[in-house]
Amino acid sequence: MRACVPLIVAILCSLAWAGKLESCASRCNEKFNRDAACQCDRQCPRHGDCCEDYEHLCTEDPEEPEPFLGLEEEMLEAPASNLYSAPSSCRDRCHEAFDRHQPCHCNARFPEFGNCCKDFESLCGHEGFSYSRDAITKEELQSVSEKIYRADINKAQKEDIILNSQNRISPSETRDHVDRCPEPLFTYVNEKLFSKPTYAAFISLLNNYQRATGRGEHFSAQQLAEQDAFLREVMKTAVLKELYGFLRHQNRYSSEQEFVSDLKNMWFGLYLRGNEEEDSSGFEHVFSGEIKKGKVTGFHNWIRFYMQEKEGLLDYYSHVYDGPWDSYPDVLAMQFNWDGYYKEVGSAFIGSSPEFEFALYSLCFIARPGKVCQLSLGGYPLAIQTYPWDKSTYGNGKKYIATAYVVSSTR
């Protein structure tokens, strides 16, 4: 029995040590540890491999926004097996966070240790969105989002929109399917806004989709031209010029042509959300809205909401959150019935220009794909969640946008 004691002690110590390597307790600002399950050095926020308690233990003032929304329905349903096509390859894995259980790695942080997958350079070395030497920090995201916010000269002014938000409910009541607001959300919208070039180009896209997943999308030449027209119009704005300038400075794109081509693919490229035909895209899901398994998915745009409400196709039920901004754009998280289908919580910017939303969602998808993206608008924190579509890719393994939406702000 005495001979077993040292062995038992060694096992217990090793377990305790393993537990320490999954926490930042006593590890703040240590050097990168390749044997640890997560990291606690100053570079881990850039690489997305921090331990869960990093900000709590290692930063003085994390200023985390308080969440009010969770994952969208289809994101909860996605099995983990869809994330990667092959554990020994970097296909669909470029710049993922360190996982010691993987046989090889696909993050630019790890070549010095000699444990990159064989196809890392060919798949991730030149075309990926995120390089360790060019990592976009939280502070940089907050700074550029403020610049984009100030650049949105096409946004609605206070007198352009009159909202009647009526009853606010608690998060526990969002599944009740009860209409607590007898009046429409929008009392008045100055429709002269819609004659502005980016608004007009955006609105022309909204009727190009079948909202039910499982029904293939087939674009006419005119509809494809409308996609190009929208991209041309938004690229003329100060908002998209600000975004492109920032991303070029961050070595994400070398030319405006490359940037626009990528925007078209990530937003308008079709993929299969149903069972048989390519039936969905990031733009359709986020801005126009879809119906899947009897529920509204996506639908995060105020212009679409207003137009459907005006036509009598949308019934506003209540809201669970109203943002702190006293001018537009603001944020509202709503419950509504869309022509017979319910949306439990749908967040949307209110009064923003199309290019503003398009820019912020694109920024977050490029800088923080699949993660919470912390921004700042008018001095208030705001977080956006994006998810890539992991079942198919374009180009050299790049991902389409599955969804993007506001998840948190101040209360």
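The model you are looking at is a predicted one. Gln223 has a relative accessible area of 17%, and because buried means under 20%, Gln223 counts as buried. What does the side chain of Gln223 lie 2.9 Å from? One of its polar atoms is at that distance from the backbone nitrogen of Ser220. Leaving aside residues up to four places away in sequence, Gln223 also touches Asn208 and His218.

The protein has 13 helices and eleven strands. Of its 411 residues, 52% are buried. If you take the contacts with a separation of 6 or more, 61% of them are between residues 24 or more positions apart.

Back in helix H8, another helix comes into the picture. The axes of H8 and helix H13, residues 354-367, come within 10 Å and cross at roughly 90°. Angles from 65 to 115 degrees count as roughly perpendicular, and H8 and H13 are therefore roughly perpendicular to each other. Which residues meet where H8 and H13 are in contact? From H8 come Phe230, Leu231 and Val234, and from H13 come Pro354, Glu355 and Phe358. Sorted by class, this contact of H8 with H13 has five nonpolar residues, one charged residue and no polar ones.

Asp228 pairs with Lys264, and the closest N and O atoms of the two are 2.8 Å apart. This pair links distant parts of the chain, with Asp228 in helix H8 and Lys264 in helix H10 (residues 256-268), 36 residues apart. Are the two partners buried, exposed or partly exposed? Asp228 has a relative accessible area of 29%, so it is partly exposed. Lys264 is at 28% and is likewise partly exposed.

The side chains of Asp262 and Lys398 meet at 3.5 Å, N to O. Asp262 belongs to helix H10 and Lys398 to strand S11 (residues 398-409), so that the pair links distant parts of the chain, 136 residues apart. Both Asp262 and Lys398 are buried.

Next comes the loop between H10 and helix H11 (282-288), which holds Arg273. The side chain of Arg273 meets that of Glu290 in a salt bridge of 3.2 Å, N to O. Glu290 is in strand S4, 17 residues apart from Arg273. Arg273 is buried, and Glu290 is too. How many salt bridges are there by this rule? The count comes to ten. Elsewhere, Glu173, Asp176 and Arg180 are linked in a network of salt bridges.

Now for the loop between strand S2 (161-163) and strand S3 (186-189), where His177 lies. His177 is not a glycine, yet its phi is positive, at about 60°. With a relative accessible area of 47%, His177 is partly exposed. Val178 lies in the loop between S2 and S3 as well, and at 37% relative accessibility Val178 counts as partly exposed. Where does Val178 stand in relation to Asn337? These two are 159 residues apart along the chain, while their C-alpha atoms are separated by 9.7 Å.

A positive phi also turns up at Lys293, which is not a glycine either; here the value is about 55°. Lys293 lies in the loop between strand S4 (290-292) and strand S5 (295-297). Is Lys293 buried or exposed? Its relative accessible area is 66%, and because exposed means over 50%, Lys293 counts as exposed.

Our last stop is a peptide bond. The bond from Tyr328 to Pro329 is cis, with omega near 5°. To find Pro329, look in the loop between strand S6 (314-322) and strand S7 (330-338).

Notes
Residues are numbered from 1 along each chain as its sequence is written. This is a predicted model: local features need pLDDT of at least 70, side-chain atom pairs count only at pLDDT 80 or more; totals for chains, interfaces and linings use all residues. Side-chain values use heavy atoms; hydrogens and water are left out. Buried means under 20% relative accessible area, exposed over 50%, partly exposed in between (1.4 Å probe, protein chains only). A polar contact is a pair of N or O atoms within 3.5 Å; within protein, one must be able to donate a hydrogen and the other to accept it, and residues adjacent in sequence count only if both atoms are side-chain atoms. Contact means heavy atoms within 4.5 Å. Helices (H or I, at least four residues) and strands (E, at least two) are DSSP runs, numbered from the N terminus. A salt bridge is a side-chain nitrogen of Lys or Arg within 4 Å of a carboxyl oxygen of Asp or Glu. Axes are lines fitted to C-alpha atoms, for helices over the stretch in contact, and angles run from 0 to 180 degrees between N-to-C directions. Angles under 35 degrees count as roughly parallel, over 145 as roughly antiparallel, 65 to 115 as roughly perpendicular and the rest as oblique. Ala, Val, Leu, Ile, Met, Phe, Trp, Tyr, Cys and Pro count as nonpolar, Asp, Glu, Lys and Arg as charged, and the others, Gly among them, as polar.
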